[in-house]
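Work through these exercises with the model open beside you. Try each task before you read its solution.

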Amino acid sequence: FHNNTNLEIPESAHPMLAKLGTVVVELRERLGKLYGYEDLDTPGVIYATGLSLDKEYAGVHVRVPYRAFFLNPLDNIAQTADGVVGAWMYILVHEASHFKVSGHGDPFVSEEFRLFTMLADSGDLRTIQIAFERILEAHWDEYTALKRQYERSTIRNIAKSLEDGERLPAG
């Protein structure tokens with residue numbers, strides 16, 4: 001879990017965030033069973049995944065100093081649990097696609113579509129979606145309260161945002 005904002009996370013939100021982070025890790029492990037994505041779940045190959053709160057992104061893929069992708073569960077415009085889960089799934093497929101292709105040109109769009117289809121064919125897309133739905137069902141009030149706090153104009157980043165291809169901020 002990475003929090004690059006001045007948002008104070010209430011202790012009551014910790015279980016929800018831990019569950020969300022666990023699902024992101026599970027997705028990475030399932031991705032590692034798909035052709036071309038094996039290094040995402042290979043012993044000895046470190047590829048971090050989890051949650052990252054930041055006012056600049058809904059998700060991020062990092063290559064230096066380690067390889068990782070993160071979901072920002074609070075950065076989306078969704079108003080319903082279905083919308084939130086849909087946003088998270090899109091963001092995660094998008095960020096995971098950067099494992100194979102940098103940038104956002106035609107090759108990336110093709111890979112994003114290819115990965116989405118492979119996840120759907122394997123049943124993993126729906127499994128992860130169901131896991132997210134269950135978490136929100138159990139923690140919707142906590143999620144919406146935390147999201148409202150995150151969206152306040154007084155909540156700001158406290159350091160430079162993580163970016164693909166750059167070093168993490170010191171500190």
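**Exercise 1. Which residues of α1 are buried?**

Some ground rules come before the solution. This is a predicted model, where local features need pLDDT of at least 70, side-chain atom pairs count only at pLDDT 80 or more, and totals for chains, interfaces and linings use all residues. Residues are numbered from 1 along each chain as its sequence is written, and side-chain values use heavy atoms, with hydrogens and water left out.

Solution. 
- Step 1: Helices (H or I, at least four residues) and strands (E, at least two) are DSSP runs, numbered from the N terminus. Buried means under 20% relative accessible area, exposed over 50%, and partly exposed in between (1.4 Å probe, protein chains only).
- Step 2: list the residues. In α1, M16, L17, L20, G21, V23, V24, L27, R28 and L31 are buried.
- Step 3: look down the axis of α1. The buried residues fall within an arc of 155°, so they line one face of the helix. The arc is that of the directions from the helix axis to the C-beta atoms.
- Step 4: recall the helical repeat. An α-helix has 3.6 residues a turn, so residues three or four places apart point the same way.
- Step 5: find the cover. The elements over the buried residues of α1 include β2 (47-53), β4 (67-71), α2 (81-97), α3 (106-122) and α4 (124-150). Contact means heavy atoms within 4.5 Å.

**Exercise 2. Check the spans of α1 and α2, then state how α2 is enclosed.**

Solution. 
- Step 1: set the rule. The expected span of a helix is 1.5 Å times one less than its number of residues.
- Step 2: take α1. This helix covers residues 14-31, 18 residues in total, and reaches 26 Å from first to last C-alpha, close to the expected 26 Å.
- Step 3: take α2. Its 17 residues should span 24 Å, and the end C-alpha atoms are 24 Å apart, which agrees.
- Step 4: judge burial. Twelve of the 17 residues of α2 are buried, so the rest of the structure largely encloses this helix. Among them are W88, M89, H94 and E95.
- Step 5: name the cover. It includes α1, β3, β4, α3 and α4.

**Exercise 3. In what order do the four strands form the open sheet?**

Solution. 
- Step 1: read the order. It is β1-β2-β4-β3, with mixed pairing. Two strands pair if DSSP finds at least two bridges between them.
- Step 2: find the edges. β1 and β3 each have a single partner strand, so one side of each is left without a neighbour in the sheet.
- Step 3: pair β1 with β2. They run in the parallel sense over two bridges. H2 has S52 in β2 as its bridge partner.
- Step 4: pair β2 with β4. The sense is parallel, over five bridges. A48 stands opposite A68, and T49 has F69 as its bridge partner.
- Step 5: pair β3 with β4. The sense is antiparallel, over four bridges. A hairpin of four residues joins the two strands, and H61 stands opposite F69.
- Step 6: check burial. Six of the seven residues of β2 are buried. In β3 (residues 59-62), G59 and H61 point one way, V60 and V62 the other, and all are buried.

**Exercise 4. Which residues have the most contacts inside the largest nonpolar core?**

Solution. 
- Step 1: define the core. A nonpolar core is a set of buried Ala, Val, Leu, Ile, Met, Phe, Trp, Tyr and Cys residues joined through side-chain atoms within 4.5 Å.
- Step 2: answer. The largest core has 42 residues, and L31, L115 and F132 have the most contacts inside it.
- Step 3: trace the sources. α1, β2, β4, α2, α3 and α4 each give two or more residues. The largest share, nine residues, comes from α4.
- Step 4: zoom in on F132. Beyond its neighbours within four places in sequence, F132 is in contact with L20, V23, V24, L71, V85, W88, M89 and L92.
- Step 5: note the second core. This separate set of six residues includes Y57, V60, A68 and L162.

**Exercise 5. Is E137 buried or exposed?**

Solution. 
- Step 1: E137 is in helix α4.
- Step 2: answer. E137 is exposed, with a relative accessible area of 72%.
- Step 3: compare sequence and space. E137 and A81 are 56 residues apart in sequence and 7.8 Å apart in space, C-alpha to C-alpha.
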